[in-house]
Amino acid sequence: MTSLRPACVVAICAAAVPTVMTGQTYETGGIQLTFGAALGVEATDNVEFTATEPQARVTPYAGLTFGLLTATPASSFAIDAAADVRRAAADGDVTIASPRLSTRYDRSSANATLNLSASVQSNDLSQQDVAVFDPFTGLAGFITGDATRRATTVSGSLTWGQTTRATYGIGATYVDNAYTGGTATGPDGTGLEDNSRLTLDGTASFDLTKAAQLRTSLRYSIFETPQAADRSETLTLSTGISIDRPLGPLTADIAITDLDEGQEYSLSLGRSLALPAGAVSGEVGVTRTFDDQILLTAQVSARRELPNGSLSFDLSRQVSSLNEQDTSQVTTQVSGSYDRALTPLTSLQIGFDLAEAKDVGSDATSLSTALQASVSRALTEDWAAQAGYRYRSVDDTPGDTAQSNTVFVELRRTFVTRY
C-alpha cells in the first residue's frame, strides 16, 4: 500500500516548530550540525479541544531543534531532536511539550541497501491533531482524549539484488504506544490501552521483460495489549505487475488478508503519468471485507509547478486493519496545498486536510477537518517570521463535535555548521 502523507499536515507541523530536516538533504559528505530556535505566541479559543466548555488561552512558546548528519558516498547517519517549551494552563507552569528524538542509518552498495531507523515522540492528545497519521501505513488513525501519548518506533530493512533481474527484500517494524496521565479513545468512543505491533515483511520482484516487472510480498503482523486475550495476528499476501509506458507505469495488484474475523480480498489498477504540467497518479480498486461488504478503494495524487509556486492534491480511500483499534477500517483522506511567492522575500501557504475513519464491523465513524493559511517572510539569511491561522474540528460517532481556531505569530532562526 502506498504511503500518503498529506501536504497540509506537513505544513502545520512546520509552522509550529522549525524542523532540522534540512540536514537530511546534505549529500556532499562530512558532518553537518543544525540548530533551530523559535519564539512565538498563539491564541486559541479551545485550548483543550473539548466538545463542551471550551477555554480560550494565549500561549507563548519556544521551540528548540537539533540535528546531526554525517555522510559519505556509501552511508549516512542522522540524529534529530526537538521539543517545545510552553507556558501551561492558567497556573502559569512552564512545561516541555512534544519532545521527539529520531535517528537513522542508511548504507548502500552497488547491489544492496540497508536502512535502520528509530524514533520516540510524546504528545498531549488535547494539543495534537485528532487525525494521527501513521508513517508506516500512511493512513489516519483517530485518537482523542487528555492523556499523554508516547509512540516508539524501530524499523529496519535490507534489499539486495538491485543490479539483477531478481530483487529481494526483508524488513521489520516494531511500534509501541503508551498512554499516561489521562484517557484516550478511538473512533467508536471506547478507551484505548497501551498496545504494540510487530510487523515482518518479505518482498521480491522479477523483471519479466525490459518493460514488465512482477512483484510479490508477504506481511505478517502481531498486535498485543496488556490484556493477554487481546492478541491478534494478520497475514497479507499480495502480488502485482507493473508495465513501463512512455508517460509512466501501469500497475495491477491483488491481495489476500487473513484476519481473526475472516479474510479480505482486494484488487486494484493504477497508472502514473509524467505530464508537462506536472505528475499525476491514480489507482482504483475494490475490497471484499470479512463480512462480505464490497468497498470501493481509490488513490489520486497530482502535483503542478506554477511560475511562482506549486499546487498539490491527494485523495485516498483504503481498507486496513493496521491501526491501534486492531479493527478493519475504511480510511478516506483528502488534502491539498498551495504555495506562492508573493515577493522575493515573502510567501503564502494554504493547506487543508479532511480525514474520515469508519469501522467496518460497527460503522463507528470519525471525521477530522484541518485548515491552515500562513504568510512567511525572510528577514535575513538566517531569520524568518511567520504569521497565520489554523482551524481544526472533529465529529465523532457518539455525537461529540469539537473545534478550535488558532492565530499565531512566530520568529525563528536556523544555524547550520559543516565541517
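Analyst: Here are some terms and how they apply. This is a predicted model; local features need pLDDT of at least 70, side-chain atom pairs count only at pLDDT 80 or more, and totals for chains, interfaces and linings use all residues. Residues are numbered from 1 along each chain as its sequence is written, and side-chain values use heavy atoms, with hydrogens and water left out.

User: Why is Ser376 called buried?
Analyst: Buried means under 20% relative accessible area, exposed over 50%, partly exposed in between (1.4 Å probe, protein chains only). Ser376 has 10% relative accessibility, so Ser376 counts as buried.

User: What makes Leu269 exposed?
Analyst: Its relative accessible area is 51%, so Leu269 falls on the exposed side of the over 50% cut-off.

User: What joins the side chains of Ser376 and Gln349?
Analyst: A polar contact of 3.2 Å. The term needs a pair of N or O atoms within 3.5 Å; within protein, one must be able to donate a hydrogen and the other to accept it, and residues adjacent in sequence count only if both atoms are side-chain atoms. Ser376 and Gln349 are 27 residues apart along the chain.

User: Why do Arg413 and Asp382 count as a salt bridge?
Analyst: A salt bridge is a side-chain nitrogen of Lys or Arg within 4 Å of a carboxyl oxygen of Asp or Glu. The closest N and O atoms of Arg413 and Asp382 are 3.2 Å apart, so the pair qualifies.

User: How many salt bridges does this rule give?
Analyst: The count comes to 15.
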